Each structure stands twice: as C-alpha cells, then as structure tokens.
Amino acid sequence: MFNPQDFIKLSKELLEYETHYREALIRTIISRAYYSSFLSAREELKNQLKNTALEVLYEEISEEPEIHQAVYDILKTLDPVNADLLGKLRKKRNQADYNLQIPKSLKEAEDCIMDAEMSQKQLSSIVQKISPEKILEIEEKIRPIVRSVLERKTKTSRQGTKPPSTPYI
C-alpha cells in the first residue's frame, strides 16, 4: 500500500532539483504537500472509524470528490487548528493547480511542506479523540455529504450515464 507521507519525502527531494521548469516543480511540490496531509488524514480517519456507526457512511464517500470536505469537517470537529492547517494547504493546492496568473515561490513550497509535516505529526493524537459524543457530531456533519453523493449516484445510474468529472476538488 502506498504511504502518502512519501509525497513529502519526494517534495523535499524536488526542492533541490534543478530544472528549467522551476515554477511547474514548485506547483507540484505544493500540490503533493496537500495530498500527503489529506490522504494521511483520510486513511487515519478510515481506520479510526472502523467498527463504529460511521464506518459505512465514511466508506460510501471515501473515494468521492466530496471526501475532501468530509475530512476537513471531521477534523474541524476533533481539532479546529489542524483542520485549518489542512484547509490552508488545500487552498494553496487549488491556487497552485488552477490559478496560473499568480506565480508561486520556493518559500511557499517550503512552507507547505512544513505545514504538511506539522499536520501529519499531530494527526494520530487527534483522531484518537473520537469519543461516542464526537461520533454523533461527525455523523451530523457528514450525513448531508453522504446524502448528496448518493443522490448524484442514483441520478446518474437512472440516466445511464457516467457521473460528471469533478476536477476542482
């Protein structure tokens, strides 16, 4: 199984890489820093939610575009500071991937790597805070997301079409 933390290791190596495509490299580093944190959080939450009332709900959306928001919402319930860090990384990733008018700097890439490492360092202790009361709070936050995913899947299966691609996650 792939370890999402390898994205951080690769990003650190890429910082030293010399290329004529420096900005493309910097944008890639920023993107991989986010995905390292996001995927680590997604998998850690999946493991912690096993054998709980949320296991089936979480599994239903774990590979859907909406999982990004669900992971953020769950972390916000458990640790708002870490959730905000993940949210900041996601915003930087979206800017790096989609806003081509604003140049990205090496410092920004280094900051994203540091933020991703900090987020991941705190992750294990955060998700262990999932008490029965927190399960209820989390369920309230992700149930509308799950409902939206199921409605989209039902609608597209009735139409006999593939679900639309959602590249802006």
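Rings of Phe, Tyr and Trp (its six-membered ring) form an aromatic pair if their centres lie within 6.5 Å; planes under 30 degrees apart count as stacked, over 60 as edge-to-face and the rest as tilted. The views below show a predicted model, in which local features need pLDDT of at least 70, side-chain atom pairs count only at pLDDT 80 or more, and totals for chains, interfaces and linings use all residues. Residues are numbered from 1 along each chain as its sequence is written, and side-chain values use heavy atoms, with hydrogens and water left out.

**View A. Ring pairs join Tyr34, Tyr35 and Phe38 into a cluster.** The structure contains four aromatic pairs. One of these, Tyr35 with Phe38, is edge-to-face, with 6.1 Å centre to centre and 85 degrees between the planes. Both residues belong to helix H2 (residues 22-48), where they are three residues apart and therefore separated by about one helical turn. Tyr35 is buried, with a relative accessible area of 13%, and Phe38 is buried at 2% (buried means under 20% relative accessible area, with a 1.4 Å probe and protein chains only).

**View B. Arg32 lies over the face of Phe7.** Arg32 is placed 4.8 Å from the ring centre; for such a placement, CZ of Arg must be within 6 Å of the ring centre and within 35 degrees of the ring normal.

**View C. The axes of H2 and helix H6 (residues 106-127) come within 9 Å.** These axes, lines fitted to C-alpha atoms over the stretch in contact, cross at roughly 5 degrees. The two helices, H2 and H6, are therefore roughly parallel to each other (angles under 35 degrees).

Technical notes
Helix = DSSP H or I, 4+ residues; strand = E, 2+ residues; numbered from the N terminus. Buried < 20%, exposed > 50% of the residue type's maximum accessible area, 1.4 Å probe, protein only. Axes fitted to C-alpha atoms, helices over the stretch in contact; angles between N-to-C directions. Parallel < 35°, antiparallel > 145°, perpendicular 65-115°, else oblique.
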